[in-house]
Amino acid sequence: MPQQVRGVVARAKGQPVSIETIVIPDPGPGEAVVAIQACGVCHTDLHYREGGINDDFPFLLGHEAAGVVEAVGPGVTDVAPGDFVILNWRAVCGQCRSCLKGKPQYCFATHNATQKMTLTDGTVLSPALGIGAFCDKTLVATGQCTKVNPAARPEAAGLLGCGVMAGLGAAMNTGNVGRGDTVAVFGCGGVGDAAIAGARLAGASVIIAVDLDDRKLEWAKGFGATHTVNGGREDAVERIRELTGGNGVDVAIEAIGLPQTYEQAFYARDLAGTVVLVGVPNPTMKVELPFIEIFGRGGALKSSWYGDCLPSRDFPMLIDLYLQGRLNLDDFVSETIGLDAVEEAFHKMERGEVLRSVVVL
């Protein structure tokens with residue numbers, strides 16, 4: 001029988017969220033109901049509330065989550081009730097041109113649950129990134145469930161579902177940071193600090209954190225930054241060159257999504273270096289660079305979408321590193337809150353007071 005649970009809903013653009021009663025259908029073929037244990041408050045959820053993604057209101061917010069599979073639909077064999085899973089928004093299809101080329105991390109046809117969750121009056125909800133996890137339980141496609149070691153804390157594990165994976169992957173997958181490389185990360189929020197942690201895991205010798213907030217720069221040191229630069233007080237590009245023998249870094253990661261910092265990242269890299277954009281710009285932004293500089297400096301200009309991750313490959317490995325004490329996920333959790341505190345968590349995030357507020361259910 002369908003279940004009724006609590007969930008955080010954005011009913012209209014720019015309006016405060018509210019806790020509503022959500023109707024969760026029984027899972028059909030290829031679907032699972034997951035009891036959510038923890039879900040991070042991500043900027044993407046705020047973008048949904050502000051109408052920055054699309055206007056398919058009302059939205060059931062939340063997507064950066066971990067929980068336990070409660071029920072699965074007919075014929076499901078990849079997960080089972082009782083499995084501890086991290087939810088992801090890259091349920092690969094296995095049949096698109098990217099999957100058939102052996103690159104499922106670039107799947108063009110990722111999918112969600114077929115059935116819809118609704119309000120009690122029948123209003124269809126749009127789940128954030130096809131997940132909708134600010135909720136006691138949610139309905140997802142089984143491909144969105146990645147089974148991992150249940151010894152991991154749900155509050156930490158769930159962060160791999162979006163922001164932390166985006167940052168780790170920007171360094172390890174997209175940027176392909178290697179042993180002895182030099183790296184600069186522009187923007188030391190959750191994604192930027194995760195990029196720093198990823199560069200450290202990959203063996204970078206110099207990791208330079210750049211931000212305007214000294215508090216965030218201190219946080220960055222805890223994740224592996226070897227040097228910090230306050231871009232409001234000094235020229236970030238010149239300082240990065242000083243710290244790298246006048247050359248610039250091998251990999252520059254922009255984790256804000258601003259033209260100004262992207263341009264700094266472009267000039268802060270060494271010849272043949274790589275720029276990775278993982279910060280999300282708004283659709284009106286433009287970057288203007290001398291064409292001869294793009295040609296003359298060589299290297300690569302890349303964008304990183306979800307850290308170019310493959311959840312089935314990356315999530316279990318990263319959780320193992322976390323349990324071994326080699327990947328510090330716990331320090332990304334600034335606070336744990338209830339469903340009724342999501343609206344205030346958005347404001348804390350906007351003010352830069354937290355890396356992650358995490359809803360615990």
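**Close-up views of a predicted model**

View 1. Contact means heavy atoms within 4.5 Å. Helices (H or I, at least four residues) and strands (E, at least two) are DSSP runs, numbered from the N terminus. The model is predicted: local features need pLDDT of at least 70, side-chain atom pairs count only at pLDDT 80 or more, and totals for chains, interfaces and linings use all residues. Residues are numbered from 1 along each chain as its sequence is written, and side-chain values use heavy atoms, with hydrogens and water left out. Ten of the twelve residues of H4 are buried, so the helix is largely enclosed by the rest of the structure. Buried means under 20% relative accessible area, exposed over 50%, and partly exposed in between (1.4 Å probe, protein chains only). The buried set is Gly163, Val164, Met165, Ala166, Gly167, Leu168, Gly169, Ala170, Ala171 and Thr174. Just after H4, Asn176 has a positive phi of about 50°.

**View 2. Packing of H4 on H5.** Helix H4 (residues 163–174) meets helix H5 (residues 190–202) at an angle of about 45°, and their axes are 7 Å apart. Axes are lines fitted to C-alpha atoms, for helices over the stretch in contact; angles run from 0 to 180 degrees between N-to-C directions. H4 and H5 are therefore oblique to each other. Angles under 35 degrees count as roughly parallel, over 145 as roughly antiparallel, 65 to 115 as roughly perpendicular and the rest as oblique. The crossing of H4 past H5 is right-handed. A crossing is right-handed if the near helix is turned clockwise from the far one by less than a right angle, and left-handed if anticlockwise. H4 contributes Gly163, Val164, Ala166, Gly167, Leu168, Ala171 and Met172 to the contact; H5 contributes Val191, Ala194, Ala195, Ala197, Gly198, Ala199 and Leu201. By class, eleven of these residues are nonpolar, three are polar and none is charged. Ala, Val, Leu, Ile, Met, Phe, Trp, Tyr, Cys and Pro count as nonpolar, Asp, Glu, Lys and Arg as charged, and the others, Gly among them, as polar.

**View 3. Packing of H7 on H8.** Helix H7 (residues 236–243) and helix H8 (residues 259–268) pack at about 30°, with axes 9 Å apart. H7 and H8 are therefore roughly parallel to each other. H7 passes H8 in a right-handed crossing. Ala236, Val237, Ile240 and Arg241 of H7 meet Gln264, Tyr267 and Ala268 of H8. The contact has five nonpolar residues, one polar and one charged.

**View 4. Aromatic pairs.** The structure holds six aromatic pairs. Rings of Phe, Tyr and Trp (its six-membered ring) pair if their centres lie within 6.5 Å; planes under 30 degrees apart count as stacked, over 60 as edge-to-face and the rest as tilted. The ring centres of Trp89 and Trp305 are 5.3 Å apart and the planes lie at 75°, so the pair is edge-to-face. The two residues are 216 apart, Trp89 in the loop between strand S6 (84–87) and helix H2 (97–100), Trp305 in the loop between strand S16 (300–303) and helix H10 (311–323). Trp89 is buried at 14% relative accessible area; Trp305 is partly exposed at 46%. Tyr48, Phe57 and Phe59 form one aromatic cluster.
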